[in-house]
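User: I have a model open here and want to go through it with you. Can we start with the ring contacts and then move on to the fold?

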Amino acid sequence: MALELNHSFTVAATPERTWELLTDLHEVGSCFPGATVTSATEEEFTGTVKVKLGPIAVTYQGEGRFVERDDEAHRAVIEGLGKGLRGLGNASATVTVQLTPDGEGTRADVATAMNITGKPAQFGRGVMQSVSDKLLGQFVDCIEGKLGG
C-alpha cells in the first residue's frame with residue numbers, strides 16, 4: 001500500500017537551532033515513539049521501531065540515510081527502509097523536511113511517501129493516517145522538549 005502523508009508543526013526555536021536538532025540522526029531518532037537508534041553517523045542510521053496498528057504491534061528493523069541535505073535552505077530528504085520482524089511485511093519511506101521562519105519560531109513542513117507491505121497494509125489509509133498523526137504529536141512534544149520550548 002502506497003501512502004502520502006503531509007504534516008506541519010511549529011516550534012519555538014530558530015530555524016538554525018531546529019535544523020541542528022533535526023539533522024542529528026541519533027537525537028531526532030530518539031524522539032520518534034517506539035524507535036531505538038542503534039547506530040548513527042552524520043549521513044545514515046540503523047535501528048528498530050515498534051508501531052501499534054489496530055490489534056497488532058509491528059517491529060521493523062531498518063536503516064535510513066540522507067538522500068539530499070541542504071543546510072543553507074534547511075531542506076532534507078531522508079530515505080528509510082525497514083523489514084518487519086516475524087514476517088509481518090516491510091516498510092519504506094521517503095521523508096522531505098523543509099524548515100521556514102515563523103515569527104519567533106520555526107515551521108516544519110514534512111511530506112512522507114510511504115510504502116507498506118504485508119499484514120499492516122490491511123489496515124488501510126484511515127488507520128495509517130490516525131496512527132501517523134498520533135506519533136507526530138508525540139514526536140513534536142519531544143522535539144519541543146529538546147529545544148527547550
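Analyst: This is a predicted model, and the structure holds one aromatic pair.

User: Which rings, and what is the geometry of the pair?

Analyst: The rings are those of Phe9 and Phe139, with centres 6.5 Å apart. Their planes stand at 80 degrees, over the 60 needed, so the pair counts as edge-to-face.

User: Which parts does the pair tie together?

Analyst: Phe9 belongs to strand S1 and Phe139 to helix H3, so the contact links parts 130 residues apart in sequence.

User: Phe9 and Phe139, buried or exposed?

Analyst: Both Phe9 and Phe139 are buried.

User: What lies over the face of Phe66?

Analyst: Arg69 does, at 5.1 Å from the ring centre.

User: OK, the sheet. What is the strand order?

Analyst: The order is S1-S7-S6-S5-S4-S3-S2, in an open sheet of seven strands with antiparallel pairing.

User: Which strands stand at the edges?

Analyst: Strand S1 (2-11) and strand S2 (35-40) do. Each has a single partner strand, so one side of each has no neighbour in the sheet. Neighbouring strands are turned by 20 degrees against each other on average, direction ignored.

User: How many bridges join S2 to S3?

Analyst: Five bridges join S2 to strand S3 (residues 44-53), and the two run antiparallel. Thr36 stands opposite Thr48 in S3.

User: And the helices, what does H1 touch?

Analyst: Helix H1 (residues 15-22) packs on the sheet and touches S1, S4, S5, S6 and S7. Its direction makes about 165 degrees with that of S6.

User: Where does H3 lie?

Analyst: Helix H3 (residues 124-147) lies across S1, S3 and S7, at about 30 degrees to S1.

Definitions and conventions
Residues numbered from 1 in each chain as written. Predicted model: local features only at pLDDT ≥ 70, side-chain atom pairs only at ≥ 80, totals over all residues. Heavy atoms only, no water. Pairing = 2+ DSSP bridges. Helix = DSSP H or I, 4+ residues; strand = E, 2+ residues; numbered from the N terminus. Axes fitted to C-alpha atoms, helices over the stretch in contact; angles between N-to-C directions. Contact = heavy atoms within 4.5 Å. Phe/Tyr/Trp six-rings, centres within 6.5 Å; stacked < 30°, edge-to-face > 60°. Buried < 20%, exposed > 50% of the residue type's maximum accessible area, 1.4 Å probe, protein only. Lys NZ or Arg CZ within 6 Å of the ring centre and 35° of its normal.
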